[in-house]
Amino acid sequence: MRRILLWMASNRWLRERLPRLRFTRRAVRRFMPGEDAGSALDAGASFQADGITSMYTRLGENITRAEEGDEVAAHYAGLIDDVRRRGLDGEVSVKLTQLGFDLDVDRTEGHVARLAELSAADGRTLWIDMEGSAYTEATIAFYERVKQGHPNVGLCLQSYLRRTAADLQRLLPIGPRIRLVKGAYAEPAGIAYAARHDVDANYVALAVEMLDAVKAGKDVRIGLGTHDVRLIEQVAEHAAALGLPTTAFEVEMLYGIRVDQQRRLARERYAVRCLIAYGDAWYPWYMRRLAERPANVLFALRQIVG
Ligand SMILES: Cc1cc2nc3c(=O)[nH]c(=O)nc-3n(C[C@H](O)[C@H](O)[C@H](O)COP(=O)(O)OP(=O)(O)OC[C@H]3O[C@@H](n4cnc5c(N)ncnc54)[C@H](O)[C@@H]3O)c2cc1C
């Protein structure tokens, strides 16, 4: 089921047709408050009232003209401004391919540098998503370059990739800001752990590695981008054993997923951040959410009759 849904995510024919169906549009509402940035910011404001901070991303990937990347960068610049004007503790997360990474790396670097500067003005992090494995090495090298001039840039790493342990070792000396996730793409077994148990074990090992670095006085910001509360608790236990507070890391979850847990963790004084997506290019992103939990397909199908 996961493979089929991930194949559907990348199928161009379906990408052009499925989003037009009314039931798909209704079903996607579960994972995003609306297609416009205003709806995302409204949702962020209501989370903030419950002690949950926010992160924003406009959906879209792999553009075909560099000018589209310019438009996306200009949009995010405006968004960072809006977040600040609305008094939100919100940060922005970008996909490099949406900023033109496939077409012009230098221009993409210019966009990221500018967005990082705007974010730094009041101490915010600018996050870079991690995409499929064809981009891993290039994205990490890009991060190393941009981090030199912009310490407030953060990067997502995926625990399903076998290489990630080495990537983390490579990044620790530069004081990275890391959002650790399991990984959302279909990757070949040679480079990725196939068994859930291995992905989870690697997740905890990587998180522990980062906590140990914090304990040793290194400058590392840790985001746990997962809904797997069992893993979060294991990491929290390790933090407690090291004498670190629950706020030594941030728990980051997606809008609409395990909202009860987001609220519970915030009540228990964890630092919780909710990633809120918006935009009209939601199809591949939505299919990846279905692939993560096939029970979501039933929910989506129920919208046909609902
Ligand atoms: C803040 C954030 C940022 C992310 N950024 C990236 C990125 O840049 N690159 C990338 O490859 N991936 C990214 N992801 C996605 C990530 O890789 C996983 O695919 C996703 O988080 C699901 O895995 P999980 O860790 O929640 O664990 P799982 O083992 O998949 O899920 C644990 C439990 O959470 C619940 N759950 C998980 N997903 C869903 C869902 N879709 N619907 C309903 N319930 C669900 C279920 O109860 C499940 O049992 C991000 C995720 C988050 C939360």
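**Strands, ligand and a helix**

Tutor: This is a predicted model. Start with E1 and strand E8, residues 271-278, which pair in the parallel sense over 6 bridges.
Student: Which residue stands opposite Ala277 in E8?
Tutor: Thr57 does.
Student: And how many bridges join E1 to strand E2?
Tutor: There are 3 bridges, and E1 and E2 run parallel. E2 covers residues 90-94. Met55 has Glu91 in E2 as its bridge partner.
Student: What does the chain cross through from E1 to E2?
Tutor: Helix H5, residues 66-85. That makes a β-α-β crossover, and it is right-handed.
Student: Back to E1. Are its residues buried or exposed?
Tutor: Buried, 6 of the 6. E1 spans residues 53-58, and with every one of the 6 buried, the strand is largely enclosed by the rest of the structure.
Student: Which way do the side chains point?
Tutor: Thr53, Met55 and Thr57 point one way from E1. Ser54, Tyr56 and Arg58 point the other way. All are buried.
Student: New topic, the ligand. Which residues come nearest?
Tutor: There are 26 residues around the ligand. Lys182, Arg196, Thr226, Glu292 and Asn296 come nearest.
Student: What lies 2.9 Å from an oxygen atom of the ligand?
Tutor: A polar side-chain atom of Gln158. Arg179 has a polar side-chain atom 3.0 Å from a nitrogen atom of the ligand. For Ala184, a backbone N or O atom lies 3.1 Å from an oxygen atom of the ligand.
Student: How much of the ligand does the protein cover?
Tutor: It covers 90% of the 930 Å² of accessible area that the ligand has on its own.
Student: Which elements give two or more residues to the shell?
Tutor: Strand E4 (153-158), strand E5 (177-181), strand E7 (250-254) and helix H12 (283-292). E7 gives the largest share, 3 residues.
Student: What about the shell by class?
Tutor: The shell around the ligand has 9 nonpolar, 6 polar and 11 charged residues.
Student: Last one. Where is Ile232?
Tutor: In helix H10, residues 229-241.
Student: Why does Ile232 count as buried?
Tutor: Because its relative accessibility is 1%, and buried means under 20%.
Student: How are Ile232 and Val204 placed?
Tutor: They are 28 residues apart along the chain. Their C-alpha atoms are separated by 8.5 Å.

Note on methods:
Residues numbered from 1 in each chain as written. Predicted model: local features only at pLDDT ≥ 70, side-chain atom pairs only at ≥ 80, totals over all residues. Heavy atoms only, no water. Near = heavy atom within 4 Å. Polar contact = N/O pair within 3.5 Å; in protein donor to acceptor, adjacent residues only side chain to side chain. Areas by Shrake-Rupley, 256 points an atom, 1.4 Å probe, with all protein chains shown as cover. Helix = DSSP H or I, 4+ residues; strand = E, 2+ residues; numbered from the N terminus. Nonpolar A, V, L, I, M, F, W, Y, C, P; charged D, E, K, R; others polar. Buried < 20%, exposed > 50% of the residue type's maximum accessible area, 1.4 Å probe, protein only. Pairing = 2+ DSSP bridges. Right-handed = clockwise from strand over helix to strand, strands pointing away.
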